[in-house]
Structures are given as C-alpha cells and as structure tokens.
Amino acid sequence: MTAVSDSAPPTPDPLLCAALAADLDSADFRSEPLRRLWGEEADDALARGLREPILRAITGDDGVLATLGRLFVLGMPQPREAVATALAHVGVDGLGSLGLAVADRDSVRPTALLRPQSFVDADGIGEWWIASDLDEVALDGPLPADHVLGVGGASRTLAEIVTPIEVDRALDLGTGCGIQALLVARHAASVVATDISVRALAFAELNALLNGVRNIEFRLGSMFEPVEGEAFDLIVSNPPFVITPRAEGVPEYEYRDGGLVGDALVEKFVRSVAAYLTAGGIAQLLGNWESRDDERGLDRLASWVPDDIDLWAIQREELSPLGYAELWIRDGGTTPRDAAFTPLLSAWLDDFAVRGVTAVGFGYVLLRRPRSSSAGSTRAPLRRTERMPQPVSNVGGALRQGLAAHDLIAEGGLPDTLITAADVTEARHLLPGNDDPSVIELRQGGGFGRTVAVDPALAAFVGACDGELTVVQIVSALADLFEVPLADLWADIEPRIRQLVLDGFLLG
C-alpha cells in the first residue's frame, strides 16, 4: 500500500491568499527575477531534479527573493525571522493557517511548493503562482499516493492544444492543481473544475484565490458525476490516463491512475463526453491507448466515438510495453537499482501480456458535437486520426483552423478563391546535373509542421493562390500549360487541393 501525504490539504482562505499574493508581488517572486537570481543553467537544472546548482548560486544570500526561492521553489526549511521579513502581510502564522508550512520557534518548514508559472495565450503573456505538493527532490523519496502534481509536461501540453475560443461555460475534468481551469477561465464566463481528490481541489481553489480568479466553481466527484445533466461549450481534461496494473503491490497515484484496467478510462471519457457538450461544443484531452494483436490503438480509439461526433486524434509518440512500464515506474520514484523495480516491471509486462498489448500510444484527442446542418444537407462527421512525431507549435490555433476548414468543405466544397498560408515554403530536390526536380515538397513553418510531396502541377497551383484568381481559373491555366485535358487535371488535382485546405497549406 502506497503511503499518503503526512500533511493536511491546504486551507484556501480568501483573505490570507490575498495577503500572501501581496507579499509575493512585493518580492517580485516571478520566473524571470528568480532565473536572474540564480542563473539560467541552475534554473534549467531544477527541471531535471537538481537543486544543488541553485543552492550554490545563492549561498550566503539572505535577501527576500532568495529566502522565498529556497522555501517555496526548492521546498527547504528557512529561518523563521527571514520568512517573517519576506512575508510581512500574511506572516508565518498566516502561512501555517493556509496549510503551506509548519513553524516552530526557529524555523519554517514548507509543506507545499509554490512556484511562478508563466503562460502565453491569445491575450498575451501572463504568470500565476501555483501551489502543489512537495516533489521527489523536496521529499527525498517516492511520492505519496495522494500527491498533487504541479505544472508538468502534460499540463503544459494540454494548455498548448486547447483551441483559443471564447465560451460561456467550460469544464475542467480532473483539475489537479487547477492550472487548466485558470487558463480556460481567461476565455470563459464560468468554469466548473472537478476532481476525485479533496486534496487536489483544495490546492486548485487556493491557486485560484491566490491569483485573483473568481469565475471557477470547484466540485468533488469522479468523471462526469459532479456535472450530471449539464452541458458545456468547452471541456478540457488531463485525466489520470496512465495504464497501471491492478495488482497487489503496485502503487496507485491519484494524479495519474484512474483505477481502471488498461485504457478503459480514456474509452469511458470518449464514449460519455458527447452527452455533456452543447451544439458546437468541443472536448479536448490527453490520453494513452493500447495497440493490441488484432487492432492498432488509433483504430480502437475511433471505434469508441459516437457516430454523430467529430473526432480528431493525433498520436505524438508510441512506446513498447517495456518502454512504457519503465517510464512510469521511474515516474513514481523507483529506479532499477531499487529492489521494488523488478517486481513492478514484471507486474506491468504481465498485465500487458494478458490483453495482447503490442504498443501504447500517447497524444491529443479532440471531440466535437456538430451544430445542426442547414436544411436538407447531410454532413459527414470529421474522422481524422494521424501520427505526428514532428515538432509542432501553436497547436490550439492549428486545430481551430483545421476544424474551420473541415466545416467549409463539408458544407460548401472548395471556396472560389484560395490563399497560400504565410508559413508555407517550397523545397525542390534535384539530382546533380538535372534541371528538373526529382522531389518537390511543401513545408509548414508553424502549426503541425507538415511536409507534403507534390508534383509540378500542384506546386504551380499553390504558387498561384494569392486570392486574385479563382480556383477554376488557375486549374484551367495549368491545363493549358501542361497540355492536358481540363477534366483529367481537375479529377486528379481537386482531391489534393482539398487536402491542402484541410491541412492548412491553403486558406479559404
């Protein structure tokens, strides 16, 4: 049985949170000042679990920022007098009342981390203070089962893929420390944030108060139970999707393990979410899915989606059962030199073998309830599953553009005129001594960073798309140039033009 935290959940008191925020603001307790204080190399090392470089950089510095850095960023006890000076508004007693530290006559010991977290969205650059449980470095050991994670890689990934749209009601299912709820609250009139963990909800509410966010409601419960009968314009979720054996001796962590067998939690979410979406509403989540002897993972994922719901799933990486097991055993703080490692590895591999798992995929899932089509029209739902291992950027914007392109073509076909996207470049590969290219590629500089091989006719079409000539005029001119019948060229090039529109190379 995995141990639980030895400290109580924080107490999100509005007045004390406001006082603490005033102290943090007064100290300029933010990412860039801290990075300047101890240097970029030391700051980067902390992300790899190394705190010694920071400690060496601020040795002998008893200033306010250094004190708060050691206390909140590194999770180290600090002299009571220094903390009292740094936190003049909330005070040592107030910090204790919030549940973020315990103090004796001489020192203050943090019971949580509190770190600045910067973000970028459609409205610009901002930063929040995010409290979470002490990490492995501060604890000097494995994480408790009820650990509340701070802002990690998965949190940042989900934040980057959420479509930047203004909505009335939003839901953050499995909120954890509340980072997604905070982000969504910037573009939603109201947000409901749920979690199965009382501890997580306490951290999430404290973080909202600490950052002055007032349009989030927090509810306790599993999956969609806390919002039964309600509907939302946007649902985001970084659910506990990690595939963990349900076996004796295998730790279960609330922040990552959903308590179901295999990828059943992602399946349950995908099958259920449509009932909680408004017309036009979007749900976005991160997840794992298993490939099995008889079916690849993306196909299994697609089979869970109701027939009338749009699906766009992007697999970013895929691991073997061995690679997956090792990743998540290490994530829990157990390494191959520990006696528990081999029994855990065996449990994971045995669990995968029972279901015939050959690989585990990770990626993004977008689901949408379509709006009603115009009278008499039949609109086929979006069904797009793809592997995308290349670097990506502005994924949320690219997803929004892709949905709009699908709707445009599904409702009215190709538009009369098209414009080549500003980030598209062309690369031509020639054999030595040959003037004619053997390969022509179109490349996206942003978004999904796709590279598409094209022939001379399609390359010429894309080059001519400046919004002046119509699609038909350009194709007619190319038919004359290449001396082919217009009907034959159109039959060949039109489906590929459609795909370039859907992929964001051409804009309507």
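This is a predicted model: local features need pLDDT of at least 70, side-chain atom pairs count only at pLDDT 80 or more; totals for chains, interfaces and linings use all residues.
View 1. With a relative accessibility of 0%, Phe29 counts as buried. Phe29 is in the loop between helix H1 (14-26) and helix H2 (31-38), while Phe72 belongs to helix H5 (residues 64-73), so the pair ties together parts that are 43 residues apart in sequence.

**View 2. Phe224 and Phe269 make a tilted ring pair.** Here the centres of the Phe224 and Phe269 rings are 5.4 Å apart and their planes meet at 40°, so the pair is tilted. Phe224 comes from the loop between strand E8 (216-220) and strand E9 (232-237), and Phe269 from helix H12 (residues 264-272), so the pair ties together parts that are 45 residues apart in sequence. Both Phe224 and Phe269 are buried. Leaving out residues up to four places away in sequence, Phe224 touches Leu171, Leu173, Ile235, Phe269, Ser272, Val273 and Tyr276.

**View 3. Phe224 again, now as part of the largest nonpolar core.** This core has 124 residues, and those with the most contacts inside it are Leu20, Phe224, Ile235 and Leu367.

View 4. If you go looking for disulfides, a search of the whole structure turns up zero. A disulfide is a covalent bond between the sulfur atoms of two cysteines. For Cys17, the closest cysteine sulfur is the one in Cys177, and at 14 Å that is too far for a bond. Looking from the other end, the sulfur of Cys177 has its closest cysteine sulfur in Cys17, again 14 Å away and too far for a bond. Cys17 is buried, at a relative accessible area of 0%. Cys177 counts as buried as well, at 3% relative accessibility.

**View 5. Gln315 sits buried in a strand.** You'll find Gln315 in strand E11 (residues 310-319). Its relative accessible area is 4%, so Gln315 is buried. What does Gln315 contact, leaving aside its neighbours within four places in sequence? The list runs to Trp289, Leu298, Gly361, Phe362, Gly363, Glu386, Arg387 and Met388.

**View 6. Three strands form an open sheet.** The order is E15-E16-E17, and the pairing is antiparallel. Strand E15 (424-429) and strand E17 (451-454) are the edge strands, each pairing on one side only. From one strand to the next, the twist averages 25°. Zoom in on strand E16 (residues 439-444) and E17: four bridges join them, and they run antiparallel. As a landmark, Ile440 stands opposite Val454 in E17.

Definitions and conventions:
Residues are numbered from 1 along each chain as its sequence is written. Side-chain values use heavy atoms; hydrogens and water are left out. A nonpolar core is a set of buried Ala, Val, Leu, Ile, Met, Phe, Trp, Tyr and Cys residues joined through side-chain atoms within 4.5 Å. Buried means under 20% relative accessible area, exposed over 50%, partly exposed in between (1.4 Å probe, protein chains only). Contact means heavy atoms within 4.5 Å. A disulfide is a pair of cysteine sulfur atoms within 2.5 Å. Helices (H or I, at least four residues) and strands (E, at least two) are DSSP runs, numbered from the N terminus. Two strands pair if DSSP finds at least two bridges between them. Axes are lines fitted to C-alpha atoms, for helices over the stretch in contact, and angles run from 0 to 180 degrees between N-to-C directions. Rings of Phe, Tyr and Trp (its six-membered ring) pair if their centres lie within 6.5 Å; planes under 30 degrees apart count as stacked, over 60 as edge-to-face and the rest as tilted.
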